[in-house]
Amino acid sequence: MVKMSGAQALVEALKQQNVEVIFGIVGGAIIPLHDVLRDSGIRHILTRHEQCAAHAADGYARASGRPGVCMATSGPGATNLVTGIANAYLDSSPVISFTGQVNTFSAISSYMIGRDAFQEADIIGITTPITKYNCQVKKASEIPKTVRLAFHLATTGRPGPTLIDLPKNVQTEVDEMEFSDNVEVRGYKPKTEPHPIQVKKAVKLLIEAKRPIVLAGGGVIISNASPELLELAELLMMPVSTTFMGKGCFPENHPLSLGDVGMHGTCAANKLILEADVLLAVGTRFSDRTTGTLDQFCPDAKIIHIDIDAAEIGKNVEVDVPIVADAKETLRVIRQLLVHQLKQRENSPWFNRVKELKEQFQSEMDPGDCDLKPPLLLKELRKILPANAILTTEVGQNQMWAALHFETYKPRTFISSGGLGTMGFGFPAALGAKVACPGCAVVDIAGDGSFRMTEQELACSVTEKIPVTVIVLNNSMLGMVAQWQRLFYDRRYSAVELGSSPDFVKLAEAYGAQGVRVGSLREFSEAMKKALKSEVTTVIDVPISPEENVFPMVPAGKGLKDTISG
Amino acid sequence: MSKEQNHIISTIVEHKPGVLYMVSNMFRRRGFNIESISVGSTEQSDLARMTITVNGDERTVEQVVKQLNKLIDVIKVSRLDPANIVTRELALIKVRAIDTKVRSDVINYADIFRARVVDVSSESLMVEITGTSDKINAFLDLMKPFGVKEVARTGITALSRGVKSVKIE
């Protein structure tokens, strides 16, 4: 037992969790915590908006595989975190938020919970549906235990955001503190070992399959199961498609890689998945953006579904073999059983079909030689960046171009807002990723609409010395909505024209960052190489045609067979 | 798709503030319908039992159980087998009863249903009735012609029959 204040106990508990960095903004109700943090040795990165603190913590978590921590004051500080928390929730990212709160009790004023005090918001009520767990600490002595619990829950099983709300008087209350490693949660025991009977069924299906295919989701990345997936796919000569969240879990230059399935999946993946007789789905929740209309999704395939979250099994798609377990462990066990039962497969008719379709659609994916089309730019970017470089994206056309045309080779090197689709995520996430991996080049593929939503973090990147590169594919449009209006609303543009403001070069310079505008692929290439060597963040403004569309595309409400290739 | 019907789910949860909100919020957010919910303490002081009646088809109820299991403060979820449970509900019913004929009718019906008159005023009687929901519905139908002024029902609470029990360490 040690005697200390709640704020001191919190910082001590964070150190026990090996927290090195916190993203956040200070405010009245969290001053006691920041007072202790000042001399703690933990780096506090002052973002310019709390939403970006949460996104940066998210980017940090996804790039490193370690939990990301963010902090905000009560009321508006806490509510500003909400978009970032919801984003982390939908993409299963371990983001841990700490929020200040007004006093639980005050003998001298009405600055207390339940009295509608200054900057009071019910952040527990607000974040209950978007956190894996949240908790308001009522007594300082509960802080060490609660912090352990928040980290344990955020990082185990299916990861997700957690939040701890800290009333100001609890931060200053001095009490005896007990620190241990013990975490007890009666209602939480994630199952990681696959059930042997289900595994046997899966193995049997895979051996008998003529046209097996993998659909690998974000769960493969989260459980670090990429090596196991690669070994299994090569053993069975089984093509691998990924969901948007799974991008990077399988090297996209591998002959068995098909790229993404879904609304903006590749033609080859969207076609082949419908021809499969066995679908091995790993760590995916069968999102509507992946499956298209459900009644046309894999009609002839037996489906094996591996997921650590039992509630995902049968939620959207009925499956034949459900396996509730960790992806890495399950893939390892399946492969082990298969190795004993069959020889290395050679080029089967199915693999030839895979090759044939990949080649057939290669030409459609070929951007041609028009100078500054986004696909070409992304292919050029791939040539410039090393394999371990991290790409983040905003949301919209920029994101889908990046998914389709930027080959990703390693897990955790493609970071994007998949579930919530949060415009403005990419830039703060890039900052978080750069802090987590200072040795890696980090590039945010942005659109002009998205970048404006969190562009103020240029100030954070400059003052905190976190150099990244932002490539603004600038069509002066909210491009994805404009594309839908062109294709499905008879070109009736409504509320999508952004005009030519601001000048992104001057904007970058105003923040003390570098800005450059490029008009050709050669200029882009030079600017990009220079940006990689720069000690400050570079914004590369790339004017593109507002008429540009992203293809392939499956129209909303249609099935994968209705993929439009352009 | 299987047909929609009522299912009774019994859950053991942490007995602490916010848990009822967490559970009911999950139902709202996922679009599941709660027919009734009753909450009370158990044989262990730090645990509460929530008995939830849900209307839906088989697949929906399966999802409800899984989503409940996902909540950290929900410790145990079991679907009760309708063939092997005791269910009870309590209702307080205030009936308009001015003349003596009506009063004696209400008291007679209450006797037949093993209900009790628990409050009397010059214009009304209050009846307490316990039983299955069907029994309470039947009694309420009988009371309607007299004029039902107010009803308060607890919702269903239930336990499995026999020695089987849920113990939480």
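Tutor: Let's begin with B:Phe27, a residue in helix 1 of chain B. Keep in mind that this is a predicted model.

Student: Why is B:Phe27 called partly exposed?

Tutor: There are 17 other C-beta atoms within 10 Å of B:Phe27. Buried needs 20 or more and exposed needs 12 or fewer, so a value in between is called partly exposed. B:Phe27 is therefore partly exposed.

Student: Which residues does B:Phe27 touch, leaving out those up to four places away in sequence?

Tutor: B:Phe27 touches B:Phe32 and B:Ile34. As for B:Arg49, 22 residues along the chain from B:Phe27, the two C-alpha atoms are separated by 17 Å.

Student: What makes up the contact between the chains?

Tutor: Chain B brings 18 residues and chain A brings 13 residues. On the chain B side, helix 1, helix 2 and strand 4 each supply at least two residues. Helix 2 of chain B gives the most, with 7 residues. Sorted by class, the chain B side has 6 nonpolar, 5 polar and 7 charged residues.

Student: And what is chain A built from?

Tutor: Chain A has 22 helices and 20 strands.

Student: Why is chain A called as compact as a globular protein of its length?

Tutor: The radius of gyration of chain A is 24 Å, and the globule rule gives 24 Å for 566 residues, so chain A is as compact as a globular protein of that length. Its C-alpha trace spans about 80 × 60 × 40 Å along the principal axes, and 56% of the residues of chain A count as buried.

Definitions and conventions: Residues are numbered from 1 along each chain as its sequence is written. Chains are lettered from A and ligands numbered from 1 in the order in which they are written. This is a predicted model: local features need pLDDT of at least 70, side-chain atom pairs count only at pLDDT 80 or more; totals for chains, interfaces and linings use all residues. Two residues are in contact if their C-beta atoms, placed from the backbone, lie within 7 Å. Helices (H or I, at least four residues) and strands (E, at least two) are DSSP runs, numbered from the N terminus. Ala, Val, Leu, Ile, Met, Phe, Trp, Tyr, Cys and Pro count as nonpolar, Asp, Glu, Lys and Arg as charged, and the others, Gly among them, as polar. The radius of gyration is taken over C-alpha atoms; the globule rule is 2.2 Å times the number of residues to the power 0.38.
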